[in-house]
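This report describes selected features of the structure shown below.

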Amino acid sequence: MALYRDTEIIDEIKRQIAVSYLTIFTGLLGLLSAFIFFYFLRFKASTKQTDRDNRIKWSKFIPYRNETSNGDSEKESQDATFKDD
Amino acid sequence: MSKHQILNSFGVSGNPAIRSAAFQEKVSANEERMSLEGAVNKTGILLFLTVMAAAVSWNFQGPLMTIVSSLGVLVAFISGIMTFGFYFFFIGWIVEPRPYNAPKTAPLYAVGMGFLIGLLSQQAENLYPGIVIQAVSLTFFVAASLLLAYKTGLIKPTQNFLLIIFAATMGIFLTYIANLAYSVLTGSSFSVITDNGPYGIMFSLFVVGIAALNLVLDFDIIEQADEQGAPKYMEWFGAMALMATLIWLYIEILRLLMKLRGR
């Protein structure tokens, strides 16, 4: 009976050690992840992400995008056709 | 009405926090523009405030702290509505979004939600030691993974992606509202939300997935706002939206872990 109780206690201790190892591991994983998150958040997305046709059209709700960037590019293209005499 | 027109009638994003006409503001020549760096710094500030409030709520439990936490949640709720607006089906905008309020409301939101998180986390930790560290870590792990997937172009948010996430988010929101009403009336709640059986775990996994995918929309809006040179206050707005999703994700992961540990 006493031996059975001791085995139970040992099992419980083993379980608690396993849980604490898991906590330490996930804690370290969390620290690394937080660092990666805040580090890479400040970088612009790759062109694979930004240069595509099927992006969500947030620009419909950001009017100045079309008014500035598209307008400017049109002007530039028109200017490019001018010839210097 | 096509599905995309329906989406447009709701607003910008599938994420209820970020759904607004926030980007309609024009930037004058003299006005300072937002940057990714600024949005990251603001997110860091809001995270710091949330953690500080959570630490207070965690360490000083008692009737007074319960009142303070309740007030904090109320303040966070009001701050959220003042910034993101309030939309209701078939009625439209009850409160219009006011993104220019974000520099004032975002810190209030962070502190208010911090009190709630502290309270929830402390109760969860009492039941299952170590669970909070695991939930925090998993939240950042999921966020970092999705950020990398977004930045590298592995996940590409499209209009259909937005529609699916929006529909799923609204479905979850309405399920929680229905559960709240049901629990007020009957004193019990939907078993699929609270149960730690296979269905309960599958539901939690689904909610965690949707919360995580909302992060992708947040990243996309912050990215595009930066590309378009949105006004400076949009840094706070983007950071607040990101924090709202992160807090939601954390709570859902905590709930999922509690279900798994409670089996």
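This is a predicted model: local features need pLDDT of at least 70, side-chain atom pairs count only at pLDDT 80 or more; totals for chains, interfaces and linings use all residues.

## Packing of H2 and H4 in chain B

H2(B) and H4(B) cross in a right-handed sense. The axes of the two helices lie 6 Å apart, and the angle between H2(B) and H4(B) is about 45 degrees. An angle between 35 and 65 degrees counts as oblique, and H2(B) is therefore oblique to H4(B).

On the H2(B) side, the contact is formed by B:Leu46, B:Leu49, B:Thr50, B:Ala53, B:Ala54, B:Val56, B:Ser57 and B:Trp58. Their counterparts in H4(B) are B:Ala106, B:Pro107, B:Ala110, B:Val111, B:Gly114, B:Phe115, B:Ile117, B:Gly118, B:Leu119, B:Ser121, B:Gln122 and B:Glu125. Sorted by class, the contact of H2(B) with H4(B) comprises 13 nonpolar, six polar and one charged residues.

B:Glu37 belongs to helix H2 of chain B, which spans residues 36-59. Its relative accessible area is 38%, so B:Glu37 is classed as partly exposed. Between B:Glu37 and B:Val132 there are 95 residues of separation in sequence, and their C-alpha atoms are 29 Å apart in space.

B:Asn101 is found in the loop that runs between strand E2 (92-95) and helix H4 (102-127) of chain B. Is B:Asn101 buried or exposed? With a relative accessibility of 13%, B:Asn101 counts as buried, because the cut-off for burial is under 20%. When neighbours within four places in sequence are set aside, B:Asn101 is in contact with B:Met82 and B:Thr83.

## Packing of H5 against H8 in chain B

Helix H5 of chain B covers residues 131-152, and helix H8 of chain B covers residues 198-228. Their axes come within 10 Å and cross at roughly 50 degrees, which means that H5(B) is oblique to H8(B). The crossing in which H5(B) passes H8(B) is right-handed.

H5(B) contributes B:Val142, B:Ala143, B:Leu146, B:Leu147, B:Tyr150 and B:Lys151 to the contact. From H8(B) come B:Ala212, B:Leu213, B:Leu215, B:Val216, B:Phe219, B:Asp220 and B:Glu223. The contact of H5(B) with H8(B) contains 10 nonpolar and three charged residues, and no polar ones.

## Packing of H6 against H8 in chain B

H8(B) also packs with helix H6 of chain B, residues 159-186, at an angle of about 130 degrees and with the axes 10 Å apart. H6(B) and H8(B) are therefore oblique to each other. The crossing of H6(B) and H8(B) is left-handed.

The H6(B) residues in this contact are B:Phe161, B:Leu162, B:Ile165, B:Ala168, B:Thr169, B:Ile172, B:Thr175 and B:Tyr176. They meet B:Phe203, B:Phe206, B:Val207, B:Ile210, B:Leu213, B:Asn214, B:Val216 and B:Leu217 of H8(B). By class, the contact of H6(B) with H8(B) has 13 nonpolar and three polar residues, with no charged ones. B:Leu213 and B:Val216 take part in the contact of H8(B) with H5(B) and also in that with H6(B).

## Overview of chain A

Chain A contains three helices and zero strands, and its pattern along the sequence reads α-α-α. Chain A has 85 residues, of which 24% count as buried.

Terms used
Residues are numbered from 1 along each chain as its sequence is written. Chains are lettered from A and ligands numbered from 1 in the order in which they are written. Side-chain values use heavy atoms; hydrogens and water are left out. Helices (H or I, at least four residues) and strands (E, at least two) are DSSP runs, numbered from the N terminus. Buried means under 20% relative accessible area, exposed over 50%, partly exposed in between (1.4 Å probe, protein chains only). Contact means heavy atoms within 4.5 Å. Axes are lines fitted to C-alpha atoms, for helices over the stretch in contact, and angles run from 0 to 180 degrees between N-to-C directions. Angles under 35 degrees count as roughly parallel, over 145 as roughly antiparallel, 65 to 115 as roughly perpendicular and the rest as oblique. A crossing is left-handed if the near helix is turned anticlockwise from the far one by less than a right angle, and right-handed if clockwise. Ala, Val, Leu, Ile, Met, Phe, Trp, Tyr, Cys and Pro count as nonpolar, Asp, Glu, Lys and Arg as charged, and the others, Gly among them, as polar.
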